[in-house]
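Trainee: Could we go through the ring contacts in this model together?
Mentor: Gladly; let's look at the structure.

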Amino acid sequence: GGSTVTFSCHDNVAHWTSIENDEGWYVKVRRLLDSGKGRKISDKITLRLATTEEAYLTEPYGNEYDMIFVDGRWRNECLDLAPQYLASGGFVLIHDCDRVRYQPSMDAYPERKRLSYGDKRHQGLMLLRPGDDTGIDTLEEMSMSELREMAERLGIDSKRSKEDQISAIIASTEWMGDNGD
């Protein structure tokens, strides 16, 4: 969906792989990329359509990813699979994290940082990282080096004040598109 274009347009993003379950969103994003209005990013995007749960969860994920953004169908299953595909230091972003049905899978991640709270349309965004719990729960509690690392992985200029970094991280993740899930 919208996150494909939102994130992949950043200079620090070398490649973006998107697995879309909704054919309407797939067509919309494919047309945007093919039209050239995708900010000349189509060459660094792999966009796949997988409309069944089996296809969606068995896509060829053989790579290691710096970030896995979970925002579609089968979120619990994706959260359960994600750690095995994360590069060292990698993290997962879960969209609509306040939905109760995602809590069991989110609980498997000892390190959680809330990036935004929900509103009437979206139910929050949370960063999840497997491994030891650092006791850090919010962006404000993160060190500057942690914020810089996150900013760089999100394709954001990391040479900012702490307050500006937090604002930029939140702003970069606020609009992700919404296909109704």
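**Aromatic rings**

Mentor: The structure holds one aromatic pair. This is a predicted model, where local features need pLDDT of at least 70, side-chain atom pairs count only at pLDDT 80 or more, and totals for chains, interfaces and linings use all residues. Residues are numbered from 1 along each chain as its sequence is written, and side-chain values use heavy atoms, with hydrogens and water left out.

Trainee: Why is the pair of Tyr-56 and Trp-74 called tilted?
Mentor: Rings of Phe, Tyr and Trp (its six-membered ring) pair if their centres lie within 6.5 Å; planes under 30 degrees apart count as stacked, over 60 as edge-to-face and the rest as tilted. Tyr-56 and Trp-74 have centres 5.0 Å apart and planes at 55 degrees, so they pair and are tilted.

Trainee: What makes Tyr-56 buried?
Mentor: Buried means under 20% relative accessible area, exposed over 50%, and partly exposed in between (1.4 Å probe, protein chains only). Tyr-56 has 7%, so it is buried.

Trainee: And why does Trp-74 count as partly exposed?
Mentor: Its relative accessibility is 22%, so Trp-74 falls in the partly exposed range.

Trainee: How do you know that Lys-28 lies over the face of Trp-25?
Mentor: A charge sits over a ring if NZ of Lys or CZ of Arg is within 6 Å of the ring centre and within 35 degrees of the ring normal. Lys-28 is at 4.8 Å from the ring centre of Trp-25 and lies over its face.
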